Each structure stands twice: as structure tokens, then as C-alpha cells.
Number of protein chains: 2
Amino acid sequence: MIYDREKILKQIKPSKEEIEKGFRLYKKIREFIRKKFNLEAELQGSFIKGTSLKGDKDLDIFVFFPLDVSKEILKKMGLEIGKKVFEEFKGEYEIKYAEHPYVNGKIENHDLDIVPCYKIDKIEDMKSSVDRTPLHTKFVKRMTEFQKDDARILKKFMKLINVYGSEFKVMGFSGYLCELLILYYGSFENVLKNASEWKLNQKIIFEKMEKEFSDPLIIIDPVDPARNAASCVSLQKFSEFIYYSRKFLKDKKFDRIKIEYRKSEGTELIVLNFKTDLMEDLLFPQLRKTRDFIKDYLEKNGFRIYRSKIFNSGILFEFEVFKLPKMKIHEGPFIYDGENCENFIKKHKNIVIIGDRICTEIERKFKTAEECIDFLIEDREGFGKDLKKARCFITKEGIKEVYD
Amino acid sequence: MIYDREKILKQIKPSKEEIEKGFRLYKKIREFIRKKFNLEAELQGSFIKGTSLKGDKDLDIFVFFPLDVSKEILKKMGLEIGKKVFEEFKGEYEIKYAEHPYVNGKIENHDLDIVPCYKIDKIEDMKSSVDRTPLHTKFVKRMTEFQKDDARILKKFMKLINVYGSEFKVMGFSGYLCELLILYYGSFENVLKNASEWKLNQKIIFEKMEKEFSDPLIIIDPVDPARNAASCVSLQKFSEFIYYSRKFLKDKKFDRIKIEYRKSEGTELIVLNFKTDLMEDLLFPQLRKTRDFIKDYLEKNGFRIYRSKIFNSGILFEFEVFKLPKMKIHEGPFIYDGENCENFIKKHKNIVIIGDRICTEIERKFKTAEECIDFLIEDREGFGKDLKKARCFITKEGIKEVYD
């Protein structure tokens, strides 16, 4: 679909009723917390910033504690307040874990987080990274109404090209980054125009920078100049955003990019499937670590990987070289090293001399990549911590939705 | 067979009659040259040095010219004398080419070379490398009878382990080198004892050295201290000699080493056969050059060679990776290079972004190593000069006698 700002906004901007409904719920909860616990509460996130997308039902309600309250009390009280809110408004909830535990659940079709934090004015007083969020909200509110809509459009665009989301599954752009980009470059189209000319280690500084960074993209957080707000953006997502920005500037198409996985002709597939109930932010780093470990091992054993991919429940390897001959050359010591040569000769039959090394032919440990992977699954040394225990099985079929 | 000096000598030392027969023939020819051309002639080589092996029928007769004769006259006269010798003694002959042409042929079952050279006393007067040979002969004559026999044994040993011969086919030890080693270390067994402890760039200096060398083995020619007499010894043959020296010192076996070639299980073979009538010293360097060129090209195209071998009429490649999938990843420019990215995108469909490069999948030019070799044989750029025109055909069978 060809880009038309008004048309897009009609599709993606939440209706007045939708917004009012959310606000009504938030205000009721805020009142409840104020009365019951004598604490201030405030909505954070795209809803309050005016940058939310249609259907976005996330309400992040932060409960402020004074700085002189201890962390233990804050944690305990935070959970207490959260639970009470869900009891009062008849919602279902569970305890989730970020830097500290918080209560998450559903009320009136909205997805609610009740997050305790310290009320701070200056970043120096920050005790936990959630304390920074209200400062982000405050900073971003300076956007004009036009810019808020453009932030919505940028988020939608990033979703369509699969670079949206700072979680470990995506390693792309957060909502806050979208807003910062709009504030810095002024408009959606200007963000893309500039991004199309980004270089490696691109730097965006609002006022000042208090530290050096070496990430692909460096966007100094205006409320915390010692922080790179874009540190989670991987080289891959950074590059994809540059690529699709250019593409958009040329064809003005505002369409979903398909990232279906298709096996190449003549290659062999091995898919490792893990059964876990890990949170994605814990799962994906472990999948990547495990993938890198297995990849290294396979390559050291002579196999050649065409592609490897991470997906929701496992790792895919596509092989260029999957099968190898029975024997391989095993290099021994240099001929000048008499003592080690003698030991090598004692150990091996069929000595061959290649250049100035003594070598032998030995049987390969693994004749196929599958044998090699089977072996690694046996003890799982080098696998991600939780994947060591997880149920694991191999299939040879492709997968559709892949990441990285 | 367990080493027994006397037993070995009985087998390898020419009989008195054999030697006398050769000397009689040499003396007749010398007389003929003296009478007919008024020039001195002298036998060179192992025969006159007393280091020849049984059945060795080579007689190298050098005809001496004074230093004031021009090179043209020497060449012309040399050929003239050679031809006349063979006519007089009713032998068959042909013209051969080293640094300058000479006459080679058969008389009374002996293989004769008639080589014209300048008579020099000091190496500084040398006009062509053949002039040096009589100085070598003279130097080596200082060996005791025992040492002459040990030189025979060393030559035989080197032949058995396939390191004898300075020609390009072998790139091993010359007869002269064997004699120098005996002179330097004193006896056959001492040569092996010392060789078993040789290091890379092993240096052997008789009196003085006038130049630095970086060859695997450096034996400064005592009659020409600016020359490494062992420059033709390849790293491979150098190492093999060290290896078999150690082996001999342990088991005292004096046996022929089999170097039969056997294909490994699961690999694929491709043998390039060339039809040429090139002299071996011209053929082998060209085979090696061609082999290295093809090897590089194959590896650049993703194939993996297990072994490659040179043999009398061609080149063998044994493959670990012989077949590859249809497609391959083709790397394009870095994403930051907007202009080149645009050109790349114009040229290729199916752009994929890998890290910060834009890439595409393209069809492989060669899906098998055989297709790749077929392609190279088409125009033969990078092949040895004479192999460019030679008839060439591919077989897939192993060969028995291989070199390097």
C-alpha cells in the first residue's frame, strides 16, 4: 500500500473512545491507590505519551515511593498494592520479574502492570532502572500532536519491517527510541531520510554525552547522558532499518515485509526443538549462545553451515556441507621435534609426511553433521543454562517464523 | 632386510669387470678426442668418483676448452666432437639441452654424455655451471675407499626411501650431495645419526660461506661457497630423509618404502592426464604450477581437497567436498555505502541483509568439482606453458606411482 499519512493514521491511531476507556480505568486505579495507600500513581508508556497504536491495551501504572523508603519495603509494598488493585477491580494477575518483581494482570480487557518505583527528579537519585521511566515519559511529552502521530507511524513502520521491540527476541528499536528519533529529526519522513544515511556507530546526542559507546547505533538518553538508549539494537536490526528506510523513500510502500524461511536447493536441514516455559527474554539469549556453540563445534569438525536461525522454540541449521568422508588427516608434530614425533608414531599407524610435519589418517569422529549434533545433545556442555535440562528433539523440517 | 654393510655392498657395488669395461671405453674415447681434436677429455660423475652403483652405465665425458675460446666456438665444437665420437664408435645419439646443448647416446651398452666445458682452476673463472663439475669431481676424490662405499650405500638408501635425485620430478638429494654428506659426517651411519637431528634450515659449511640462504637444507658447496648445493631439496624430501633416518637407526631395516597411492573411503577422485613429450625437468614444474592454480580455484569455489598428487603424466585431486548445493550467498557492499547498495539491488533480486552487509543468493557457477575442472580445461589460463596445448583428459581412477 502506498503511504498516505491520513489513511495510515486512520488505521493505526486508537479511537477517542478507546483512549478514554483506558484513561477512565487508569484514573479509577490511581484514586484507589491514593485513598487506600496514600501514594501517588501515574500512567507511563505509550498510552500516556500519546503514541500508542490502535488495540494497544497496555497500561503501565507506576506507584511512587519517597526516596527514604527502603528497597525491601518498596518491593513488599509494591506487590501488596498490585495484588490489592487486582482484587479490588476483579482482575486476574501474576507476579512477573524484571529488576524487581511486579504484578501483571488483566482488568476490563486491559493488560496492566503495577510497578513500584522511587520518585526522582534528577537521574543521580536513581536506585533502579524503573525509576528512570517517568523521566522518559516527561521528556517525550514535549512532542507536538503531529509528532506524536508520526511516532505512531514510525512504530507501525518498524513493526511492519520487523525491527520493532527491544526485547531479546527482536533486539530492535524500543517505543522510547521511536519517540526520541521523532523528537530529534522532527518527523517520520525525516527519520527515514536521515536513517538512510546512517553510518556504523551512528551517534545521536540531544544535549550532552557522558560516556563513549561502541554499539552500532548510539542514541544518548537525554534524561541519562551516561546511557545509550539504543544499546539493545543489534547490527542486524540497525542495518535492516537503514535498508528499509531507503526502500520506503524510493517506493513509498508501507507494507508488511515477509520473513518466511525457505530452504535452499540441495542443502540439508537440522532443526533443534526445545521444550521450555522460559520467558522470551531469558530464552532467546540462551538459544543464541547455544547456536553459536554448536556452530563452532560443527565447523571445527569440517561441516559447513549455510544459514542458521533462531526461532521461538529452537535453532535451525542449514548445511552446505553435511556429510564428510570416513577419514581425515590428523596433523602431528613438526619433524624436527624428535621426541614428540616418536610419541606420535607409537600412537598412530600409517604415518604420512606432509611438508615438515608428520601426520596420519584417522577416522573422523562424525561423518554427518547430525551425528555431531546428536553427540552435543548428549551432555550439552556449552548450551544455555536452562537448555541443558530442557526436553530437546531434532526434526528435519523447515520453520516459518525465524529471528536473526 | 636388516642392514649388513658387507651384504649390501655385495649387492650394490659394481664388479671389477663392470668398472674396467667402463674405463676401457672412456679411455678409448679420450684417446680419440685427443688425437682427432687435440683436446683433453675427462670422465666425471659417480663412475670416476668411485661412488657408482651396480648397473650404473652413465659415462659423462667432459671435453675441456681453454678459457680464450669463445662460447659459440665451444658450443659448435662440442656438438661436432660429440657427433664424431658416436660415429667413430658406432653409437646412436641425440642432442640434449641443459645450460647449452650436448650430445647423448649409447655406445657398448653405456649411456654417454659428451659435454664441452671450460677448463678452470678457480670458481671465479666459471662461465657456465658445467665448468664447476670437474671441480666437484676433484673435491670428492679425497674420500677414502671406505667412504666411497658408504656414499654408495647412502645413495642406495636414498633411492629406497624415494629421496634420491635432484631433478624436478623428485626434488631430492643429488649424488654430489650424498658424497658431501659422507665427507662431512664421515660415514653412512653418521650421516643418518646427524640427519635424525636436523632442524629447519640446517646448515652444513665446509670451510666458508659467502651468501645467506633460506632453503630447508643448506649445504654450502665447498668448491663454490656462494652456492647452496642443496637448494633443490624440497621441504618434503628433507623431512622424509629425517624421518627415515630415525627409522633406520631404530630398526636397521634397509628396505624399499612403498609409496603406493590409495584412495580414502568416501572421497571422490579426479585425475587430469596430459599427453606431452616434455622432458621431466620441464614437465614437473609445469604440473606443480597447474596443480596449484587449479587447487586455488577449486577452493575459492567452495570445494575442499583432501589430497592432490603429481604423477608422471598428470595431476590427481582427491576431494573431501566434491558436490555443493545449487545456491550460495553472494556478499554485496556494506549497508552504509548507499550508492553501491543501490547498484547491487538493481542487479540482484532476493536481497538479504546479513549483519551490516547486503547480500543475495545466487546460483553457484559449479555444483561439482568436476564441472569446475572442466571449465578450467576449456581455456587453461594459469596452466603451465606447455600444458596449455597438450591433449588432456579426465579419468576417475587412482594412480599408483605418485610424486609429492
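Predicted model: local features only at pLDDT ≥ 70, side-chain atom pairs only at ≥ 80, totals over all residues.
**The overall count.** Start with the whole structure on display. A search over all chains finds 62 aromatic pairs. A pair of aromatic rings is described by the distance of the centres and the angle of the planes.

**Stop one.** Select A:Phe86 and A:Tyr93. Their ring centres are 5.7 Å apart, and the planes make an angle of 35°. Now look at how each residue is covered. A:Phe86 is buried, with a relative accessible area of 0%. A:Tyr93 is partly exposed, at 35% relative accessibility.

**Stop two.** Move to A:Phe366 and A:Phe375. Here the centres lie 5.2 Å apart and the planes meet at 55°, so this pair is tilted. A:Phe366 has 4% relative accessibility and counts as buried, because that value is under 20%. A:Phe375, at 33%, is partly exposed.

**Stop three.** Which residues form one aromatic cluster? Select A:Tyr3, A:Phe157, A:Phe173, A:Phe188, A:Trp198, A:Phe238, A:Phe241, A:Phe248, A:Phe254 and B:Tyr336.

**Stop four.** Go to chain B and select B:Phe139 with B:Arg142. The charged end of B:Arg142 sits over the ring of B:Phe139, at 3.8 Å from the ring centre.

**Last stop.** B:Arg357 lies over the face of the B:Phe334 ring, and the distance to the ring centre is 4.4 Å.

Methods
Residues numbered from 1 in each chain as written. Chains lettered and ligands numbered in written order. Heavy atoms only, no water. Phe/Tyr/Trp six-rings, centres within 6.5 Å; stacked < 30°, edge-to-face > 60°. Buried < 20%, exposed > 50% of the residue type's maximum accessible area, 1.4 Å probe, protein only. Lys NZ or Arg CZ within 6 Å of the ring centre and 35° of its normal.
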